[in-house]
Amino acid sequence: MTTMDELKVTFFQESEGLLEELADGLEQMSDGAEDREIVNSVFRAVHSIKGGAGAFSIDEVVRFAHRYENTLDALRNDSLTATAPVLEALMAAADHLAALLEAARDGTETEPSHSDSLIARLAELTGEDADAAPEAPIDFAPMTIEIGGLGGPKDLTLAIWFRPHAALYDTGNEAAFLLREVADLGDAEVRCDTTDLPEFEALNPNGAYLSWNVTLTTEASETAAQEVFEFVEDVCDLTVGPADAGAPAASLPELPVLTAPDPVPEAVEDTPAAEVEAEVEAEVVSPKSTAPAGGSQNGSVAATIRVELNRIDRMINLVGELVINQAMLTQCVRRNGYSEGDDIDAGLDELRTLTRQIQDSVMAIRAQPVKALFQRMSRIAREAGNEAGKSVRIATEGAATEIDKTVIEKLADPLTHMIRNAVDHGLETAEVRAAGDKETVGTITLSASHMSGRVVIEISDNGAGINRERVRQIAVDKGLIAADAPLTPAEIDNLIFAPGFSTATTVSSLSGRGVGMDVVKRAIQSLGGRVTIASEPGQGSTFTINLPLTLAVLDGMVVEVGGQTVVVPISAIIETMRLDAGQFFGLGTDSHVVRIRGNYVPILDVGAVLGYRAPVDDPENRVFLLVETAEGSRSALLIDAIHDQRQVVIKGLETNYGQVDGVAAATILGDGRIALILDPAAIVTGPVAADTAFPSTFAEAG
Amino acid sequence: MANPVENNVDEHSELIAFKIADQDFCFNIMSVREIRGWTPATVIPHSPDYVRGVINLRGAVVPIIDLAARLSLPVPEPTSRNVIIITQIDGPTVGLLVDAVSDILSVGLDDVQPTPEVASDESNCFVTGIITHDDRMIRMIDIAGILPEVPGVTG
């Protein structure tokens, strides 16, 4: 990958952050915030995107961002007020900007007419001519650079004139580095003087033609500025002195800005020599300009660094191994006759605590707020609303809730589908809503929260709710249920998760692309989550997704079943118990229930369900785990013995094998062997049908 | 018919030869990641009979296929003398349980003969050609046909 490509990747990553900032600001504005700083931050975000896009010649983005910027500028200088229609247009523009960037990143084409119509809409707001050409062609644009020492007293303004000789370049020095060093001293405004640049024919590639004027506002002394050039003193012309009284610090831009040299003057623009210059300038700008964009420009947010995800993943894997290793070590020490209370045991305890802390810290690195995801969903909902001709309002709650990054990534697709479904099938058209005494604008609420060690995400709409008549009819038509099947309303609602079910009678561009809610359900199950639905006719529907906090570790109870060691997630276990013979009751031919404190709970023999052994006939000698699934139903799992309780590292079975019914994942125990992690909910809900139990990949191979 | 392309045999190829139930088999050595001794595998519920279970390969969960069972040959209980050939073709890593690894063969296109027509049985489905080496008949097997094609089942 070339340096340019790398920079481009960085640009797109940063753009995501900037878009987030943009969406944030617009949201605050639409909530009625009057803060001028918000408008500024929105403007800055668009401006930075434009600048970066210009540097990489992404013309469509530049063109659009430029008009967008103009509108925001009007907002900034109060010639435009942030009324609801204005904000709506701005949000639509933000969505489009995101789409343009996405297209540029993926190398796909966008429809220019969409840009044009939005540009026209924006121009209408400010009353300018949409066709007016941007004032200047933008080869690259100035980028803001955050420089340390903000807000401190700045008592010195220096004017530096710097003209390198050819010998400076010959000795391997680089003007850009020197200028950058100067900029590190304070707020610097750098202008490149190109007047000495000859026509291309006369240009000596090894010659030195450029000079720079720097206006530096700094707390450092004049000497400090001079010291920067200490090593090149004899190969350049240099003057450093106090700036004219006419250029006090206050006249500098309101932000600490290193303005890159002005865009190429028009006079020399046609000469190829200008390109040489442009390149030099780009070098000055790009490497540093990447630094501040992702962070905050007002300095109020904690410092961040950008790390490749696979580095963190590697670390998480290593920490996982460390946890396993520590467990092995403990076992080993116990085996060798050291008892609790020994020094070595105390040391091991310490080690365990530390390992656990390291693990928590590493996991925290991966945790991210769902905010970005929610913003993306808001965008999708607005787009879907436009396409369907329905007005949609998005409300989000708990956007600061943190979830593992992998989970967030994998949630995007199912959530997109659910949001589109909510718009397409859930919300009614404005006319229908008006007739039903509802607000004409439909609302979709996205909320996230932590609940007993899991994350709960809810997508609710205040639409028509599920049309049970129709759902039932479709299920009958498609042969999913018998025509006279007695179903409760909740069971009918759950039919939409059945494979092959899709209520859309026409294939619209929104939903009904052949994938249905069953795909959503499977995607969420593969994350170790569940999705449930609650619907109230006329009031709307609520989809609830219940997810584990992380995909990497869980607290488990190590138990023995049919000679195999398996792990049961502690989160599912309510209590463990032994039972007397008198507490068992038969129900039906071979089902049993147990009475626990007056309630009857079904018994599931885990060994038999997993096919490890035949059902036992002496349940009174066994151990039971009372488990509760996310849906709230309780069951008693019959197991042979309980060994231990510990934190285990989750290893997926999917990579090399496939999904297994009743098994959530695998883990590695202290002795280095693999133990399967049970999925209590799957064991409780499903009588495992033999023909569907093979992982499909292996079944096909057979 | 033995198709050279199907067999992944080029002008000169190296094949790994191994024994199962006193029969010799081989496949392209390029698919082999490593060879290790037998360690007890953790049984996977509801798995086909030829899946022995999964083992821990330096932190990765790797399923073990009992090649004897897969080829419908007699299946003895594995001992410490058995060998697991860890293979990877494109996607998943899978271990193959065999009796012993015997040889590494260097063969060319001409050395591969088509499989003789015999009454069809399970083991023949996977045999794509035959090589003679030291008076032994070595069956070349289609390793991709034994392994699953796509990893995972997430839709």
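Helix α10 (residues 309–335) of chain A lies across β20 and β21 of chain A, at about 145 degrees to β20(A). Helices (H or I, at least four residues) and strands (E, at least two) are DSSP runs numbered from the N terminus; axes are lines fitted to C-alpha atoms, for helices over the stretch in contact, with angles from 0 to 180 degrees between N-to-C directions. This is a predicted model, in which local features need pLDDT of at least 70, side-chain atom pairs count only at pLDDT 80 or more, and totals for chains, interfaces and linings use all residues. Residues are numbered from 1 along each chain as its sequence is written, while chains are lettered from A and ligands numbered from 1 in the order in which they are written.

β20 and β21 belong to an open sheet of five strands, ordered β20-β12-β13-β22-β21 (chain A), with mixed pairing; two strands pair if DSSP finds at least two bridges between them. β20 (641–649) and β21 (663–668) of chain A each have a single partner strand, so one side of each lacks a neighbour in the sheet. Five bridges join β21(A) to the antiparallel strand β22 (residues 674–678) of chain A, where A:Val663 stands opposite A:Leu678.

A further open sheet has four strands in the order β2-β3-β1-β4 (chain A), paired antiparallel. Its edges are β2 (186–193) and β4 (236–242) of chain A, and the twist averages 15 degrees from one strand to the next. Seven bridges join β1 (residues 156–164) of chain A to β3 (residues 211–218) of chain A; A:Phe162 has A:Trp212 as its bridge partner in β3(A).

Terms used:
Contact = placed C-beta atoms within 7 Å.
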